[in-house]
Amino acid sequence: MAQRVTLRKRTPYNTTSARRRIVKTPGGVLRYHHLKKLPTAPKCGDCGSKLPGVVALRPREYATVSKTQKHVNRAYGGSRCGGCVRSRVVRAFLIEEAKVVKRVIKSQQKGGRS
């Protein structure tokens, strides 16, 4: 007959926070080892893709990890992916160029009238 295994935590329900694995101890007794939740990788705030170069941890564990593992060495390093940063830079550049063109056209029109 199979050996019975008793729960070691108070919650009797099969929830994500109460996942467990049966482990045989050196004394030959079967015990439940309660497993921690799996971490999810940080996502880009614009497109939602996983951020490359940033470790996937549970939220509280980021406090004990070095800064180099939490971000990449770039503007918006820990919150936006490289493609989204590139598109932001290009968009800002084009907006500034449009402003310059608008200003030039306005000055030409003023010069033409007088």
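So, which residues does Cys-44 touch, not counting residues up to four places away in sequence? They are Ser-49, Leu-51, Ser-79, Arg-80, Cys-81 and Cys-84, with contact meaning heavy atoms within 4.5 Å.

Quick caveats. This is a predicted model, so to speak of local features we need pLDDT of at least 70, and side-chain atom pairs count only at pLDDT 80 or more, while totals for chains, interfaces and linings use all residues. Residues are numbered from 1 along each chain as its sequence is written, and side-chain values use heavy atoms, with hydrogens and water left out.

Okay, the overall picture. We've got 1 helix and 2 strands, in the order β-β-α from the N terminus; these are DSSP runs, H or I of at least four residues for helices and E of at least two for strands. The C-alpha atoms fill a box of roughly 105 × 30 × 20 Å along the principal axes.

Together with Leu-51, Val-54, Cys-81 and Cys-84, Cys-44 makes up the largest nonpolar core, meaning buried Ala, Val, Leu, Ile, Met, Phe, Trp, Tyr and Cys residues joined through side-chain atoms within 4.5 Å.

And then Arg-80, sitting in the loop between strand E2 (30-34) and helix H1 (82-113). Its side chain makes a polar contact of 3.2 Å with that of Asp-46; the rule there is a pair of N or O atoms within 3.5 Å, one able to donate a hydrogen and the other to accept it, and residues adjacent in sequence count only if both atoms are side-chain atoms.

Methods: Buried < 20%, exposed > 50% of the residue type's maximum accessible area, 1.4 Å probe, protein only.
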